[in-house]
Amino acid sequence: METTTLQSDILVYCVTASSFPEGVKQAHETLHSLVPFDEKRKYFGLSWPSGDGRILYKAAAAELHPGEFSKHNLETKVISKGAYLFIDVHDFMKDIPAIGNAFQQLIHDGSIDPAGFCIEWYMGMNLCRCMVKMAF
């Protein structure tokens, strides 16, 4: 595990998955259908446990140009600036379970913020950075 620091908040626009993990792919496909794909855009997956034991999941993306998501009336979330613990998963499409395995390691670290959520940052076609916010 490594650490990184986000210097500023990231506002993202979200599409909620109908279920986890079954609805995750559809949520990302829906999000990608709303605006053109761009390598410069930041794409994420956000997840956290619900009160009833399910996992809530949202596919998310940041705007490249102000207002480009506004016509879609999407929910927004803020990925807060600060320190994050992370594990990079390379070639994640060849081993999707590696993302879950990375989060299992991260969420059991005593330094994470219990009010935070799990963040998949898709940093390219072959790299998923699995991140959790640190408590300090």
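Student: Why does Ile79 count as buried?

Tutor: Buried means under 20% relative accessible area, exposed over 50%, and partly exposed in between, with a 1.4 Å probe and protein chains only. Ile79 has 1% relative accessibility, so Ile79 counts as buried. Before we go on, note that this is a predicted model, in which local features need pLDDT of at least 70, side-chain atom pairs count only at pLDDT 80 or more, and totals for chains, interfaces and linings use all residues. Residues are numbered from 1 along each chain as its sequence is written, and side-chain values use heavy atoms, leaving out hydrogens and water.

Student: Where is Ile79 placed, and what does Ile79 touch?

Tutor: Ile79 is in strand S5 (residues 75-79). Helices (H or I, at least four residues) and strands (E, at least two) are DSSP runs, numbered from the N terminus. Contact means heavy atoms within 4.5 Å. Leaving aside residues up to four places away in sequence, Ile79 touches several residues, including Leu6, Val12, Phe44 and Ile119. Ile79 and Ile119 are 40 residues apart in sequence, with their C-alpha atoms 8.5 Å apart in space.

Student: Good! Now helix H1: which of its residues are buried, and how do you know that they line one face?

Tutor: In H1 (residues 24-34), Val24, Ala27, His28 and Leu31 are buried. Looking down the axis of H1, these buried residues fall within an arc of 95°, so they line one face of the helix. The arc is that of the directions from the helix axis to the C-beta atoms. On the face turned away from the buried side sit the exposed residues Lys25 and Ser33. The buried residues of H1 pack against strands S2 (10-16), S3 (43-49), S4 (55-61) and S7 (118-122).

Student: What makes the pair of Trp48 and Phe117 tilted?

Tutor: Let's start with the count: the structure holds 6 aromatic pairs. Rings of Phe, Tyr and Trp (its six-membered ring) pair if their centres lie within 6.5 Å; planes under 30 degrees apart count as stacked, over 60 as edge-to-face and the rest as tilted. One of the pairs is Phe44 and Trp121, which is tilted, at 5.2 Å centre to centre and 45° between the planes. For Trp48 and Phe117, the ring centres are 5.8 Å apart and the planes are at 50°, so this pair is tilted.

Student: Are Trp48 and Phe117 buried or exposed?

Tutor: Both Trp48 and Phe117 are buried. Phe44 and Trp121 are both buried too.
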